[in-house]
Amino acid sequence: LRLDSATETLAVIGQADEHLGTVPWDAIIDFINGFSKPDRTPRPVRNYPRSQLAAKLRYAASGRSDFNGVTCEIGGGGIFIETTSPQSIGTDLSLELVLPDDQTQPITARGKVAWIRSREERHVFYPGMGIQFTEISDGARTRIVNMVKSLDSARSRS
């Protein structure tokens, strides 16, 4: 087995070092969770790469006050917001995200809470909520994707 963190895949390699196939991590996780939680609906495979990044943001649900927060992960399809008080799954949010590449040009978007982690898991995974972008400009998405690629490239060199 060979793990590829950049593409989030697991490659199966034969005894003669031949490539037998590739499986996305999400498929393996969904398969395992299928045995422990039969009522769980599978998550869609991500269409964009993601990376760890602590970036400031402000978010609000309709008719509620703004919250300030920090992202833990970011990708072209959405973000993970660290919080001990996540919104409910399905909640629509307005987002304003400040990326370190240009702090004078925040990204505005809309998103929906796709999943929540209500408490810390294994001292590694912070509580919070996964947000799927529902409205984001092509330029903003490109900016995020380019930043993720740059971060992943820099991390792989170190």
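**View 1. Strand β5 and its two antiparallel partners.** Arg 58 stands opposite Asn 68 in β6, in a model that is predicted. Strand β5 (residues 56-61) and strand β6 (residues 67-75) are paired in the antiparallel sense over four bridges, and in their hairpin, which has five residues between the strands, Gly 63 takes a positive phi near 75°. β5 also pairs with strand β8 (residues 92-98), again in the antiparallel sense, over six bridges; in this pairing Leu 57 has Leu 97 of β8 as its bridge partner.

**View 2. The salt bridge between Arg 58 and Glu 96.** The side chains of Arg 58 and Glu 96 meet in a salt bridge with an N to O distance of 3.3 Å. Because Arg 58 belongs to strand β5 and Glu 96 to strand β8, the pair ties together parts that are 38 residues apart in sequence. Arg 58 counts as partly exposed at 36% relative accessibility, and Glu 96 is likewise counted as partly exposed, at 28%.

**View 3. The open sheet of β1, β2 and β3.** Three strands form an open sheet with antiparallel pairing, in the order β1-β2-β3. Its edge strands, each of which pairs on one side only, are β1 (2-4) and β3 (19-24), and from one strand to the next the twist averages 20°. β1 is joined to the antiparallel strand β2 (residues 9-13) by three bridges, and within this pairing Arg 2 stands opposite Ala 11 in β2.

**View 4. Arg 2 and its salt bridge with Asp 17.** The side chains of Arg 2 and Asp 17 meet in a salt bridge, at 2.6 Å from N to O. Since Arg 2 lies in strand β1 while Asp 17 is in the loop between β2 and β3, the pair ties together parts that are 15 residues apart in sequence. At a relative accessibility of 44%, Arg 2 counts as partly exposed.

**View 5. A nonpolar patch on the surface.** Leu 1, Val 12, Leu 20 and Val 23 form a nonpolar surface patch, and together they have about 370 Å² of accessible area. Leu 1 is placed in the segment before β1, and its relative accessibility of 73% means that Leu 1 counts as exposed.

**View 6. The aromatic pair of Phe 80 and Trp 115.** The count of aromatic pairs comes to one. The ring centres of Phe 80 and Trp 115 are 5.3 Å apart and the ring planes stand at 25°, so the pair is stacked, given that planes under 30 degrees apart count as stacked. The two residues link distant parts of the chain, with Phe 80 in strand β7 (residues 78-82) and Trp 115 in strand β9 (residues 107-117), 35 residues apart. Phe 80 is buried, with a relative accessible area of 5%, whereas Trp 115 is partly exposed, with a relative accessible area of 22%.

**View 7. The salt bridge between Asp 101 and Arg 143.** Asp 101 forms a salt bridge with Arg 143, in which the closest N and O atoms are 2.9 Å apart. This pair links distant parts of the chain, 42 residues apart, with Asp 101 in the loop between β8 and β9 and Arg 143 in helix α2 (residues 138-157). Asp 101 counts as partly exposed at 44% relative accessibility, whereas Arg 143, at 19%, counts as buried. A search of the whole structure finds three salt bridges, in a chain that has two helices and ten strands.

Notes
Residues are numbered from 1 along each chain as its sequence is written. This is a predicted model: local features need pLDDT of at least 70, side-chain atom pairs count only at pLDDT 80 or more; totals for chains, interfaces and linings use all residues. Side-chain values use heavy atoms; hydrogens and water are left out. Two strands pair if DSSP finds at least two bridges between them. Axes are lines fitted to C-alpha atoms, for helices over the stretch in contact, and angles run from 0 to 180 degrees between N-to-C directions. Patches are made of residues with over 30% relative accessible area and no salt bridge: like charges are joined within 9 Å, nonpolar side chains (Val, Leu, Ile, Met, Phe, Trp, Tyr) within 5 Å. Accessible areas come from the Shrake-Rupley method with a 1.4 Å probe; for residues, only the protein chains shown count as cover. A salt bridge is a side-chain nitrogen of Lys or Arg within 4 Å of a carboxyl oxygen of Asp or Glu. Buried means under 20% relative accessible area, exposed over 50%, partly exposed in between (1.4 Å probe, protein chains only). Rings of Phe, Tyr and Trp (its six-membered ring) pair if their centres lie within 6.5 Å; planes under 30 degrees apart count as stacked, over 60 as edge-to-face and the rest as tilted.
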